[in-house]
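Notebook open, structure loaded. I want to look at the pocket and then at the helix packing.

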Amino acid sequence: MNLPLRILCLCLGWLMVGFAIAGVFLPLLPTTPFLLLAAGLFARASPRLERWLVEHPVFGPSLRLWREKGAIAAKAKFTAVALIAASFGLFCLFSNPDAMLAAIVAAVMALPAAFILTRPSN
């Protein structure tokens, strides 16, 4: 890989790690997808950083579970789906959408919820 592309992958990888860290503290920001992106970017640019991320005591278990089994921890599944439902509830409460808009938003939010629920658990 040429140097400019490697630097770009490293910068984007660290940006994804930053988003993942923010997701630990902000309930509506997902952590694992950003970690998966970071691991992929680090794999291309720095195997050492990829290994660090996969072996990290906080972030590593969810990455290893996904890589090895394509699975999501049951607690993470519950939390993600509960937050999706809560987000839809807050959307309806604060924006008072008409029925069509509410149905569209519900359908869009149901897609990631269905994906999460259909993944195996640990």
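Which helix gives the largest share of the lining of the largest pocket? I looked it up: H5, with eight residues.

Before going on, some housekeeping. This is a predicted model, where local features need pLDDT of at least 70, side-chain atom pairs count only at pLDDT 80 or more, and totals for chains, interfaces and linings use all residues. Residues are numbered from 1 along each chain as its sequence is written, and side-chain values use heavy atoms, with hydrogens and water left out.

**Domains.** I find domain 1 at 3-69 and domain 2 at 74-118; the bounds come from an automatic or database domain assignment. Their C-alpha centres are 25 Å apart.

The largest pocket has a volume of about 1,100 Å³. Closest to its centre, out of 35 lining residues, are Pro-30, Thr-31, Thr-32, Ala-76 and Ala-80. For the terms: on a 1 Å grid over the protein atoms alone, with a 1.4 Å probe, a pocket is an open set of points with protein on both sides within 12 Å along at least five of seven lines, and lining residues have an atom within 4 Å of a point. Volume is the space filled by probe spheres set on the points, which are joined across faces, edges and corners.

I checked which helices (DSSP runs of H or I, at least four residues, numbered from the N terminus) take part. H1 (3-25), H2 (32-45), H4 (60-69), H5 (74-95) and H6 (99-118) each supply at least two lining residues. By class I get 27 nonpolar, six polar and two charged residues. Here Ala, Val, Leu, Ile, Met, Phe, Trp, Tyr, Cys and Pro are nonpolar, Asp, Glu, Lys and Arg charged, and the others, Gly among them, polar.

**H5 against H6.** Their axes come within 10 Å and cross at roughly 175° (axes are lines fitted to C-alpha atoms over the stretch in contact, angles run from 0 to 180 degrees between N-to-C directions). That makes H5 roughly antiparallel to H6, a label for angles over 145 degrees. Contact (heavy atoms within 4.5 Å) includes Ala-80, Ile-84 and Phe-88 on the H5 side, and Val-105, Met-109 and Ile-116 on the H6 side. I count 14 nonpolar, one polar and one charged residues there.

**H2 against H3.** H3 covers residues 47-55 and packs on H2 at about 150°, axes 6 Å apart. The pair is therefore roughly antiparallel. Among the residues that meet are Leu-35 and Phe-42 from H2, with Leu-49 and Glu-50 from H3. The class tally is nine nonpolar, no polar and one charged.

Definitions and conventions. Parallel < 35°, antiparallel > 145°, perpendicular 65-115°, else oblique.
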